[in-house]
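This report concerns the predicted model displayed below. Please keep the sequence and the structure in view while reading.

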Amino acid sequence: MTLRENVSVGLAGWGGHDIYPPGTPAGKKLALYARQFPVVEVDSSFYAIPAAETVERWTRETPDDFGFVVKAHQAMTGHEREAGRKAVAKLLADEAAPDLKTLSERTAEQEEALFAAFRGAFEPMRRAGKLRTVLFQYPPWFDCTRANVDVLRRAKALMGEWPVALEFRHRSWFEPEVRAKTLAFMEREGWMHSVCDEPDAGPGSVPAVPEPTHPARTIVRFHGRNAAGWHASGGPDWRAVRYLYDYSDGELREWAGLLERMLERTAAIDVIFNNNSGGHGVGNARRLMEMLGLARGEPPPEQLTLF
């Protein structure tokens, strides 16, 4: 397997990047993005499940070889956010839903309805062959316990044969004494590994574990290595601080070598740059593509036509 043929590099989201001609309408951006990058991460699905018609439009606006990495809705991964509970309440038409603060407090019927609504929304993308995977990113308090292993099994069962990737944010899953067991569990249960590159900042961060767990695909997400800003959660503009990082050529070259070794155990790798708060993700993605000999073959953004 070659890096040129089996690695796709893209960004988290497509709307907020400085890669479009001035005045580009929001509705034209995805098509222009797809002429520059072959894969994108859909973050908006974490906050709200889109209409199937919207997903079908995204599918139509992109080339046949384009792919989407779609984040699971926050209620599917147990993120305790008021907005997420309200969204579930509206979706399920259940007045009690806002009081359901964890996955364990939701009835089986409510959980099944939530997952079914998500699958229904993205069915046009899956049917078109453009859904690379659904990314289940569990919260920083989701630690390695027997109960949480059961949560993972339940989520996998509810997704059926859909491709799913798993990203942990609690380092207990990769402590030396359980790391091999975690990877073996993911492989056995059919989870793709979403590998994180982020600062080793103690609790609230996970080490980079470049180990594929699925023969078809692996995800690698670059969050930046801003150790000083990693624990800025709760402060003003904390996301902008946390993901403010510009990867050096040396750091990207190191990953180029890791990607090549990972391809010995997985057929394809989707690389997503999430260090976008300072605009560095675009340059880092293009630089890695250059190192790997990848290109979309498109003119610079200022030369792209809107119509």
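The text turns to a set of paired strands, then to one serine and a cavity.

The model is predicted, so that local features need pLDDT of at least 70 and side-chain atom pairs count only at pLDDT 80 or more, while totals for chains, interfaces and linings use all residues. Residues are numbered from 1 along each chain as its sequence is written, and side-chain values use heavy atoms, with hydrogens and water left out.

**Strand E2 and its partners**

Helices (H or I, at least four residues) and strands (E, at least two) are DSSP runs numbered from the N terminus. Strands count as paired if DSSP finds at least two bridges between them. Strand E2 has parallel pairings with E1 and with E3, as tabulated here.

| Pairing | Residues of the partner | Bridges | A bridge pair |
|---|---|---|---|
| E1 with E2 | 7-12 | three | glycine 10 and valine 39 |
| E2 with E3 | 67-71 | four | valine 40 and phenylalanine 68 |

Helix H2 (residues 26-34) lies in a right-handed β-α-β unit with E1 and E2. From E2 the chain passes through helix H3 (residues 52-60) to E3, again in a right-handed β-α-β crossover. Right-handed here describes a clockwise path from the first strand over the helix to the second, with the strands pointing away from the viewer.

In a regular strand the side chains alternate between the two faces of the sheet. Strand E2 (residues 39-42) is covered on both faces: Val39 and Glu41 are buried on one side, and Val40 and Val42 are buried on the other. Buried denotes under 20% relative accessible area, exposed over 50%, and partly exposed in between, with a 1.4 Å probe and protein chains only.

Serine 194 belongs to strand E6 (residues 192-197). Serine 194 counts as buried because its relative accessibility is 2%. Its side chain forms a polar contact of 2.7 Å with that of glutamate 167; such a contact is a pair of N or O atoms within 3.5 Å, and within protein one must be able to donate a hydrogen and the other to accept it, residues adjacent in sequence counting only if both atoms are side-chain atoms. Leaving aside residues up to four places away in sequence, serine 194 touches Leu135, Leu166, Glu167, Ile219 and Arg221, contact meaning heavy atoms within 4.5 Å.

There are two cavities of 30 Å³ or more. A cavity is a set of points on a 1 Å grid over the protein atoms alone where a 1.4 Å probe fits but cannot get out, and lining residues have an atom within 4 Å of a point.

Conventions. On a 1 Å grid over the protein atoms alone, a cavity is a set of points where a 1.4 Å probe fits but cannot get out, and a pocket is an open set with protein on both sides within 12 Å along at least five of seven lines; lining residues have an atom within 4 Å of a point. Grid points are joined across faces, edges and corners, and a volume is the space filled by probe spheres set on the points.
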